[in-house]
Amino acid sequence: MAPKNDNIWMQRALSLAEQGLGFVSPNPMVGCVIVSREGDVIGEGYHERFGQSHAEVNAIRSVGDSSKLDGSTLYVTLEPCSHHGKTPPCANLVAKHPFSRVVIAMRDPSEKVNGKGIEIIKKSGIKTEVGVLRKEAEQLNEAWIHTIEMGRPFITLKIAQTADGYIAAPNGDSKWISGKESRELVHRWRSQLDAVMVGRNTAMHDNPSLTVRLVEGRQPRRVVIDGPFELSRNLNLFSDQFEEKTIVITYNKKKLETEADPMLKMLQSNYFRGEVVVVEKSGGHVRLKEAMKKLTKYGINSLLVEGGQQLSTALLKKGLVDRLQLFIAPKLLGGGTRSVFGLGVNRMEDVVPFKTSAWLQIGRDMLLTADL
């Protein structure tokens, strides 16, 4: 098959990989296509669920008769793994088959792989090429790559505000600023990202569920910052059917140790059955950078923040927001709670511009997507 078609087949592999969105994390999304020496697709597959077979395995299995692989080309969006995890190394599987070429979009940046899989395939005598649609492959798994490089999840801050910059009326009411189409899109994001986070004020006043209801999809982890560890266990986050998906971040280690007492657990019928992350206290609040790093231990590579003014402002000031999703509704309040307040910028010359920005109309709302 002529190399000029490499982009076409790699794009097909990327499209397959994207079908794993929301289901394979903390693993990356990977797609694979096998093309015969005559230029026909004879096999394809993608990583469908975390812990299940990888893309290369599914693609090779789909061929059926292994003799058809003789002289074929395998396209894969990420370097085949070279270590034993929940599944055997894919690089060894690829190397033992009679492929003439293996085309890889990007190297695996993780310490366990990072070139080792490519080396295994090359040593088997298969011609190996790396870098076809590399940027597209990196974009597909930006959260996974970000977590490897930065040691914390890729954080998306979602804000829904009026045209004059308010997220709640003077009486605290915030339902609904954005329209139905915008809310459905947020539920879609919830189903695709690993976790959704709010602060204690939002948890107390809004009693959110942070579940996927307006679209079909899997339920994310739910993270709530509760420094003093005093939120009522009657809140939805601690009492609904997804209670075990809730993670509490606190600095109150002493109270946590008291609640963890075995006898107290037996006496409390409403004892919280989720996870608790303890971090240091800083300025009367949880240390956010430490908290974000600890979330990676729970397989959280991507985090959607739906907090109020205080949490949004704190994350922005700490440089912990990677992407801003700002919904602007065609409404005016004239007073109430601002979306962000007190970022510490006093002069226009000190304003840091967004790296990228784009506008999209969602229903009657406008959505600004910006990378910080």
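**Overall features**

The model is predicted. Its chain has 372 residues, and 48% of them are buried. The secondary structure consists of 13 helices and 18 strands.

**Salt bridges**

The structure contains 19 salt bridges.

| Salt bridge | N to O distance |
|---|---|
| Glu138 and Arg134 | 3.0 Å |
| Glu306 and Arg190 | 2.9 Å |
| Arg222 and Asp240 | 2.7 Å |

Glu138 and Arg134 both belong to helix 5 (residues 134-140); because they are 4 residues apart there, about one helical turn separates them. Glu138 counts as partly exposed because its relative accessibility is 28%. Arg134, at 37%, is also partly exposed.

The salt bridge between Glu306 and Arg190 is placed otherwise. Glu306 is in the loop between strand 14 (302-305) and helix 13 (309-317), while Arg190 is in helix 7 (residues 180-192), so this pair ties together parts of the chain that are 116 residues apart in sequence. Are the two partners buried or exposed? Glu306 has 10% relative accessibility and therefore counts as buried. Arg190 is buried as well, at 7%.

Arg222 and Asp240 form a further salt bridge. The two residues are 18 positions apart and link distant parts of the chain: Arg222 is in strand 9 (residues 221-225), and Asp240 is in the loop between helix 9 (236-239) and strand 10 (246-250). Arg222 is buried, with a relative accessible area of 1%. Elsewhere, salt bridges with shared partners connect Asp6, Arg101, Lys127 and Glu129 in one network.

**Surface patches**

Lys293 has a relative accessibility of 44%, so it counts as partly exposed.

A nonpolar surface patch is made of Leu343, Val345, Met348 and Val351, which together have about 390 Å² of accessible area. Leu343 sits in the loop between strand 16 (337-338) and strand 17 (356-362). With 40% relative accessibility, Leu343 is partly exposed.

**Backbone exceptions**

Two cis peptide bonds can be described. One runs from Ser25 to Pro26, with omega near 10 degrees. Pro26 is in the loop between helix 1 (6-17) and strand 1 (31-35). Another joins Lys175 and Trp176, with omega about -10 degrees. Trp176 is in the loop between strand 7 and helix 7.

Positive phi values also occur in residues other than glycine. For Leu133, phi is near 55 degrees. Leu133 is located in the loop between strand 5 (127-130) and helix 5, and it is buried, with a relative accessible area of 14%. For Asn207, phi is near 45 degrees. Asn207 is in the loop between helix 8 (200-206) and strand 9, and it is partly exposed at 28% relative accessible area.

**Tyr166**

Tyr166 belongs to strand 7 (residues 166-168). Why does Tyr166 count as buried? Its relative accessibility is 11%, and buried means under 20%. Beyond its neighbours within four places in sequence, Tyr166 is in contact with Ala160, Gln161 and Ile177, and also with Leu333, Gly334, Gly335, Gly336, Thr337 and Arg338. Tyr166 and Ile145 are 21 residues apart in sequence, and their C-alpha atoms are 34 Å apart in space.

How values were computed:
Residues are numbered from 1 along each chain as its sequence is written. This is a predicted model: local features need pLDDT of at least 70, side-chain atom pairs count only at pLDDT 80 or more; totals for chains, interfaces and linings use all residues. Side-chain values use heavy atoms; hydrogens and water are left out. Buried means under 20% relative accessible area, exposed over 50%, partly exposed in between (1.4 Å probe, protein chains only). Contact means heavy atoms within 4.5 Å. Patches are made of residues with over 30% relative accessible area and no salt bridge: like charges are joined within 9 Å, nonpolar side chains (Val, Leu, Ile, Met, Phe, Trp, Tyr) within 5 Å. Accessible areas come from the Shrake-Rupley method with a 1.4 Å probe; for residues, only the protein chains shown count as cover. A salt bridge is a side-chain nitrogen of Lys or Arg within 4 Å of a carboxyl oxygen of Asp or Glu.
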